[in-house]
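This briefing goes with the sequence and the 3D structure shown below. Please keep both in view while reading, and look up each residue as it is named.

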Amino acid sequence: MITPTHYMLLSAALFMIGVVGVLTRRNIIIIFMSIELILNAVNINLIAFSAQLQNAIGQVFAVFVIAVAAAEAAVGLGIILAFYRNKETVNIDEMNLMRW
Amino acid sequence: MGEAIAFYTLAAFILGFAVLVVTTKDTVHSVLFLVLDFLFVAALYVMLGAQFLAAIQILVYAGGIVVLYLFVVMLVNLKRPAEVHVDPNRRGQMGFWLSAAVLGELALISAWGYVAPAPPVGSVVGMPASITGNTEQVGWLLYTSYLIPFEIASMLLLVAMIGAIVLAKREL
């Protein structure tokens with residue numbers, strides 16, 4: 001029997017993999033992909049509870065999460081391109097223009 | 001039994017590909033593993049009875065966002081590996097410790113924050129009984145109770161589109 005707990009554990013594991021990717025990788029494109037993994041973990045939770053409660057509202061919020069993820073990817077990748085044009089790098093260790 | 005087999009298979013694939021996304025050296029391979037990961041998550045949505053979300057996941061994520069990533073990976077010249085330069089102040093271990101802290105928080109929440117499983121609340125109040133399909137339900141909610149968030153999301157996408165064009169353009 002698969003309970004919502006199983007889905008929550010899967011979602012937490014996916015979330016953790018995303019967090020490790022964000023915190024340990026230096027390639028900013030990989031960091032963005034890890035953020036997508038984190039958003040997917042959130043969506044799995046929303047839809048698992050939507051199925052558990054027999055109620056479609058969770059799926060509506062998952063649609064909003066996907067919309068925000070699309071907006072984030074578009075703007076973020078635009079920023080990466082603009083930055084790459086100026087500094088010729090995608091390494092976040094070299095992205096220190098605004099570092100105090 | 002069949003549900004358990006399907007769940008564990010899908011979960012193994014989702015987590016395995018997620019690990020590959022994060023650990024692979026080659027960024028193009030990483031993007032391709034991300035597509036596979038999204039496809040298996042879509043399969044999980046089908047298992048949960050959210051067919052509309054599964055279709056959206058494949059269309060928007062695997063079809064749209066990942067292509068955007070591939071474009072950027074191709075546009076950005078990665079002949080010089082991104083990971084060569086290391087900031088001397090970088091604390092590499094710190095990331096793992098912070099991740100472990102987040103994992104600990106999640107474990108604490110799941111161990112101490114237990115609440116009794118909620119009973120199924122059934123369909124949404126006010127939804128006509130004739131609406132039964134998954135896509136119909138999501139569409140009905142989007143155009144009635146969640147109309148304003150829906151419009152705001154469309155504005156957000158418009159703003160993001162303009163912002164991406166402004167950012168990526170060489171000179172305005």
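**Confidence**

- The average pLDDT of chain B is 85, and 85% of its residues score at least 70.
- For the complex, the predictor gives an ipTM of 0.91 and a pTM of 0.87.
- Where pLDDT is low, the predicted coordinates should not be read in detail.

**Chain B**

- Chain B contains 6 helices and 0 strands, and its pattern along the sequence reads α-α-α-α-α-α; helices (H or I, at least four residues) and strands (E, at least two) are DSSP runs, numbered from the N terminus.
- The domain assignment of chain B gives domain 1 (1-78) and domain 2 (131-172), with bounds that come from an automatic or database domain assignment.
- The C-alpha centres of domain 1 and domain 2 of chain B lie 22 Å apart.
- Of the 172 residues in chain B, 22% are buried; a residue is buried if 20 or more other C-beta atoms lie within 10 Å of its own, exposed if 12 or fewer, and partly exposed in between, with C-beta atoms placed from the backbone.

**Where the chains meet**

- In total, 67 residues of chain B are in contact with 58 residues of chain A, two residues being in contact if their C-beta atoms, placed from the backbone, lie within 7 Å.
- The largest share of the side of chain B that touches chain A comes from H3(B), which supplies 11 residues.
- That side of chain B divides into 51 nonpolar, 12 polar and 4 charged residues; Ala, Val, Leu, Ile, Met, Phe, Trp, Tyr, Cys and Pro count as nonpolar, Asp, Glu, Lys and Arg as charged, and the others, Gly among them, as polar.

**The largest nonpolar core**

- The largest nonpolar core has 67 residues, and those with the most contacts inside it include Leu14(A), Ile29(A) and Tyr45(B); such a core is a set of buried Ala, Val, Leu, Ile, Met, Phe, Trp, Tyr and Cys residues joined through C-beta atoms within 7 Å.
- H2(A) gives the largest share of this core, 13 residues.
- Because domain 1 (1-78) and domain 2 (131-172) of chain B both give residues to this core, the core lies between them.
- Not counting residues up to four places away in sequence, Ile29(A) touches Ile80(A), Val90(A), Thr27(B), Tyr69(B), Val72(B) and Val73(B).

**Helix H3 of chain A**

- H3(A) has 31 residues and reaches 44 Å from its first C-alpha to its last, close to the 45 Å expected at 1.5 Å a residue, the expected span being 1.5 Å times one less than the number of residues.
- Val63(A) lies in this helix and counts as buried because it has 23 C-beta neighbours inside 10 Å.
- Leaving aside neighbours within four places in sequence, Val63(A) is in contact with Ile56(B), Val138(B) and Leu142(B).
- Glu88(A), which follows H3(A), has a positive phi, near 55 degrees.

Terms used:
Residues are numbered from 1 along each chain as its sequence is written. Chains are lettered from A and ligands numbered from 1 in the order in which they are written. This is a predicted model: local features need pLDDT of at least 70, side-chain atom pairs count only at pLDDT 80 or more; totals for chains, interfaces and linings use all residues. pLDDT is the predictor's confidence in each residue, from 0 to 100.
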